[in-house]
Amino acid sequence: MADAKRIVRINYRAYMADIDRLYDTTEEAAAQDAGIYSDKVKYAPMAYVIGSKKLFPALEAALADAKVGEEFTVEVPCEEAAGPKNPKLIETHPIKEFYKQNINPFPGLTVSLGNKTGVVQTVGAGRVKVDFNNILAGHDLKYVMTIVEEIADNEAKANAIVEANFSAAEDFKFEFPGDKVVVILPEIAKFHQEWPIAKFSVVSALRDAFGVDTVEFVEVWSIAKKE
């Protein structure tokens, strides 16, 4: 059995530091103030398994040393974040490609061409220049973070992990028989199209959080009782 890792909930504000622009946050008020609020986003502290290496190394190191309730700032240079822009991912396309999709392109518009998503840079002379680089490429980053809670209860840990990896986390149940974690699936997981992919992330996070090698899923099919 591996060593169990800490699981916490984090509030953060993430900036493109070189242009002082907030691009992501767990805080609804901050998103509204920056003009990036979306009603499709659930603004709440994010569950995270410290040591799972899903964040930039500088963030991971800072979280390992952080205390609950203390705000801290981490700066991540471009080279240690998304890297510099790749000029080969900046492409020019005929404007008619956009008109065929009923898109009227303008600088700053996010567009999809084929299986790629990018941001329009310029429009002119019947041509559109689109940057298909990662939106963070070429930018130094800054994170203002606070661990708002360290989760100790096993049930709460497991629930937080499912919540972080699956859009419909209600009604999951868990058992902890020593050398494994047992996940009893709710009805929605049997039919939800996102679950087959989310399941792999849930397995990895549960292993990290509880220091076990085995995660077992149980499906229960019951006939509804007649009233």
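How many helices and strands does the chain have? There are six helices and 12 strands, where helices (H or I, at least four residues) and strands (E, at least two) are DSSP runs, numbered from the N terminus. The model is a predicted one, so local features need pLDDT of at least 70 and side-chain atom pairs count only at pLDDT 80 or more, while totals for chains, interfaces and linings use all residues. Residues are numbered from 1 along each chain as its sequence is written, and side-chain values use heavy atoms, with hydrogens and water left out.

To start with the overall picture, the C-alpha trace spans about 65 × 50 × 30 Å along its principal axes. The chain has 227 residues, and 37% of them count as buried. Here buried means under 20% relative accessible area, exposed means over 50%, and partly exposed is in between (1.4 Å probe, protein chains only). The accessible surface of the chain comes to about 13,700 Å², with 50% of that belonging to carbon and sulfur atoms; such areas come from the Shrake-Rupley method with a 1.4 Å probe, and for residues only the protein chains shown count as cover. As for contacts, meaning heavy atoms within 4.5 Å, residues 24 or more positions apart account for 60% of those in the chain with a separation of 6 or more.

Next comes a pair of helices. Helix α4 (residues 154-165) and helix α6 (residues 195-210) have axes that come within 9 Å and cross at roughly 145°. Axes are lines fitted to C-alpha atoms, for helices over the stretch in contact, and angles run from 0 to 180 degrees between N-to-C directions. The crossing of α4 past α6 is right-handed; a crossing gets that label if the near helix is turned clockwise from the far one by less than a right angle, and is left-handed if anticlockwise. On the α4 side, the contact is made by Asn154, Lys157, Ala158, Ile161, Val162 and Asn165, and on the α6 side by Ala198, Ser201, Val202, Ala205, Leu206, Ala209 and Phe210. Sorted by class, that gives nine nonpolar, three polar and one charged residues. In this sorting, Ala, Val, Leu, Ile, Met, Phe, Trp, Tyr, Cys and Pro count as nonpolar, Asp, Glu, Lys and Arg as charged, and the others, Gly among them, as polar.

Helix α2 (57-65) has two sides to look at. Its buried residues are Leu59, Glu60 and Leu63. Seen down the axis of α2, these fall within an arc of 100°, so they line one face of the helix; the arc is that of the directions from the helix axis to the C-beta atoms. What do the buried residues of α2 pack against? Their partners are β1, β3, β4 (71-76) and β9 (141-151). The face turned away from the buried side of α2 carries the exposed residues Pro57 and Asp65.

Ile10 is found in β1 and counts as buried, at 0% relative accessibility. Leaving aside neighbours within four places in sequence, Ile10 is in contact with Thr26, Pro45, Met46, Tyr48, Leu63, Met145, Thr146 and Val148. Ile10 and Met145 sit 135 residues apart in sequence, yet 6.8 Å apart in space, C-alpha to C-alpha. Thr146, a residue of β9, counts as buried at 15% relative accessibility. Glu70 lies in the loop between α2 and β4 and counts as partly exposed, at 46% relative accessibility. Glu70 and Thr146 are 76 residues apart in sequence and 5.8 Å apart in space, C-alpha to C-alpha.

Strand β2 holds Asp24, which is partly exposed at 31% relative accessibility. Beyond its neighbours within four places in sequence, Asp24 is in contact with Tyr12, Arg13, Ala14 and Ile36.

Most residues other than glycine have a negative phi. Asp20, in the loop between β1 (7-16) and β2 (21-25), has a positive phi near 50° and counts as exposed at 60% relative accessibility. Lys53 likewise has a positive phi, of about 65°, although it is not a glycine. Lys53 lies in the loop between β3 (46-49) and α2, and it counts as exposed at 71% relative accessibility.
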